[in-house]
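Good morning, and thank you for making time for this presentation. Please keep the sequence and the coordinates in view while I speak.

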Amino acid sequence: MSTATLTSGLVTVGPDTEAASETRDDIMAAKQEAPVAAAPLAHAPAAEPRTSFGEHCSAFLRAVLPPLLGFAFIIGLWALVAMKSSDFPGPAKTLDAAITLFSDPFYQNGPNDQGIGWNILSSLKRVAIGFGVAALVGIPMGFIIGRFAFMNSMLEPIISILRPVSPLAWLPIGLMVFKAADPASTWTIFICSIWPMILNTAQGVQRVPQDYLNVARVLNLSEFKIITKILFPSVLPYMLTGIRLSIGTAWLVIVAAEMLTGGVGIGFWVWDEWNNLKVEHIIIAIFVIGIVGLLLEQCLLLIARRFSYGNN
Amino acid sequence: MNAIVKVENVGMTFDTKKGRFVALQNVNLQIRQGEVVSLIGHSGCGKSTLLNLIAGLTLPSSGAMICNGREIAGPGPERAVVFQNHSLLPWLTCFENVHLAVERVFGAKEGKDKLKARTNAALEMVHMSHAAQKMPHEISGGMKQRIGIARAFAMEPKILLMDEPFGALDALTRASLQDELIGVMEKTGATVVMVTHDVDEAVLLSDRVVMMTNGPAATIGEILEVKLAKPRDRLQLAHDPHFAECRGAILEFLYQKQMKKAA
């Protein structure tokens, strides 16, 4: 989106200032006066505000219109399908249901009937715990694997075999070990989050530029300084990529895990509403899951941007 | 004067996929205190390899490297390096980049204020005080290299090693940094070994120019003494007969005696 605004801004402002500076140059040349090179520089800022308002408007439209059209299209399609089908709720009915749902998101009528707010929060809590523990284990492990070739060759085959396994396959193991549904679904989150964190951290450690390590060697820095001043900052962007990938999968997996384990949670809620045959709630849940996932990803992207030091 | 660095019969071979590659052979060189020495030669002649050996970043396959009476066993802050691509840490400000080095070298025996003062003095010396709080990606290539030089000088090394320090800069920036370097060397009386592929730069900055033969198995071909009074001024030198003579000698070595076969 930002690139679109940027380029469109550039494209249209460019010719304008050029034309203006040309005429200015002509006058200057005619007068045979002072530095011509200074003229366009002095003139450019003056030309900008004149075009910028219209520019901003059209850039804004260009950025916003296509997504809006996309949404309109999907909602139209949905309404069409709903009209043809007897049990598929249309957009209007779903919106109604959503308004009632979100007007009281935090009610509690026993363990199996709680507001959507509680369901979302308890899913997020599971993700946070599973994910946090995975970070605590995975990131140091990534450092070890990245730093020591021996550990790399030792653990790499194991990781290669385990990584493609659906985290849900680990759910029974979790149920057996923890004897409860809640920690078992947290356990699946742990399993699915840990691989991207280990692998990305390890890759980051292996890719620390030799130049920086040479600086460390010439300065003869202590191991502690090497880790805090050189390794950690240079691995951080890779680590954040790993974290971003894992939170994406974690959010995918929690829905499925909760469907299987029950309790409170957005996944369980979807399944429960299916049993109640409230299809409009399932559609709401799909939107909610999508939006929460998007927000999680965007948060991490923001953090990642903060720590990407403009390339050299 | 005493030699601060002695390179004795040094050879360097690398094991590559195609077998052993002899980069350097029978290199003998002595560098005196306060002397500025340039290493010049065609690309691939092993001049950077020789510099890395002095830095201790790599160890020789044969022969001995001695710095200050002790064998060079690894890199250390008494042999500071200015890298070609500046190698500033992008997550630290310019001040912090220099401070990291200052802290390492003087942190044990000096207080915080003194360390800060040293860092600021180093930045001031290369006229970069204004950018102290900037991140490396916010300043130009020439400025980054200035910070790199400040970092190296701030360590007050016994010897300063520069690997094509201005190679990545445009000609005008390079000239202004060379002048800067002349000033800094004048002030500090530093011992410098510099790799360069710029003939004018070699003559302008050095007391001796070490010309290396083409690799593989490169060695020192000739050593030229530059007997120009210091401080040197690039404008005056342009018409100095000795400058032209030195320049001619190097060009002759590079393009007649060591003509590179079509690369």
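Helices (H or I, at least four residues) and strands (E, at least two) are taken here as DSSP runs, numbered from the N terminus. This is a predicted model, in which local features need pLDDT of at least 70 and side-chain atom pairs count only at pLDDT 80 or more, while totals for chains, interfaces and linings use all residues. Residues are numbered from 1 along each chain as its sequence is written, and chains are lettered from A and ligands numbered from 1 in the order in which they are written.

Is V218(A) buried or exposed? V218(A) has 28 C-beta neighbours inside 10 Å and therefore counts as buried. The cut-offs are as follows: a residue is buried if 20 or more other C-beta atoms lie within 10 Å of its own, exposed if 12 or fewer, and partly exposed in between, with C-beta atoms placed from the backbone. Which residues does V218(A) touch? Leaving aside residues up to four places away in sequence, V218(A) touches A55(B), P75(B), P77(B), A80(B) and V81(B). Contact means that the C-beta atoms of two residues, placed from the backbone, lie within 7 Å.

That brings us to the interface. Here 15 residues of chain A are in contact with 19 residues of chain B. On the side of chain B that touches chain A, β6 (79-82) and α2 (94-106) of chain B each supply at least two residues. The most comes from α2(B), with 3 residues. By class, that side of chain B comprises 14 nonpolar, 4 polar and 1 charged residues. In this classification Ala, Val, Leu, Ile, Met, Phe, Trp, Tyr, Cys and Pro are nonpolar, Asp, Glu, Lys and Arg are charged, and the others, Gly among them, are polar.

Let me turn to chain A as a whole. Chain A has 11 helices and 0 strands. Of its 312 residues, 28% count as buried. Among contacts in chain A with a separation of 6 or more, 68% are between residues 24 or more positions apart.

One helix pair deserves attention. Two packed helices are described by the angle between their axes and the distance between the axes. Helix α3 (residues 91-103) of chain A packs against helix α11 (residues 279-306) of chain A at an angle of about 75°, with the axes 9 Å apart. Axes are lines fitted to C-alpha atoms, for helices over the stretch in contact, and angles run from 0 to 180 degrees between N-to-C directions. The helices α3(A) and α11(A) are therefore roughly perpendicular to each other; angles under 35 degrees count as roughly parallel, over 145 as roughly antiparallel, 65 to 115 as roughly perpendicular and the rest as oblique. In α3(A), K93(A), T94(A), A97(A), A98(A) and L101(A) meet E280(A), H281(A), I283(A) and I284(A) in α11(A). The contact of α3(A) with α11(A) divides into 5 nonpolar, 2 polar and 2 charged residues.

Next, the sheets of chain B. An open sheet of 6 strands runs in the order β6-β7-β8-β3-β9-β10 (chain B), with mixed pairing; strands pair if DSSP finds at least two bridges between them. At the edges stand β6 and β10 (220-225) of chain B, each with a single partner strand, so one side of each has no neighbour in the sheet. The twist averages 20° from one strand to the next. At one end of that order, β6(B) runs parallel to strand β7 (residues 159-163) of chain B, joined by 4 bridges, and R79(B) stands opposite I159(B) in β7(B).

Within this sheet, strand β3 (residues 36-40) of chain B is mostly covered, with 5 of its 5 residues buried. From β3(B), V36(B), S38(B) and I40(B) point one way, and V37(B) and L39(B) the other. Strand β3(B) runs parallel to strand β8 (residues 192-196) of chain B over 5 bridges, with M194(B) as the bridge partner of S38(B). Strand β3(B) is also parallel to strand β9 (residues 208-212) of chain B, through 4 bridges, and I40(B) stands opposite M211(B) there.

A second open sheet has 4 strands in the order β2-β1-β4-β5 (chain B), with antiparallel pairing.

Finally, confidence. The average pLDDT, the predictor's confidence in each residue from 0 to 100, is 81 for chain A and 87 for chain B. Over residues 1-48 of chain A, pLDDT stays under 50. Where pLDDT is low, the predicted coordinates should not be read in detail. The model scores ipTM 0.81 and pTM 0.71.
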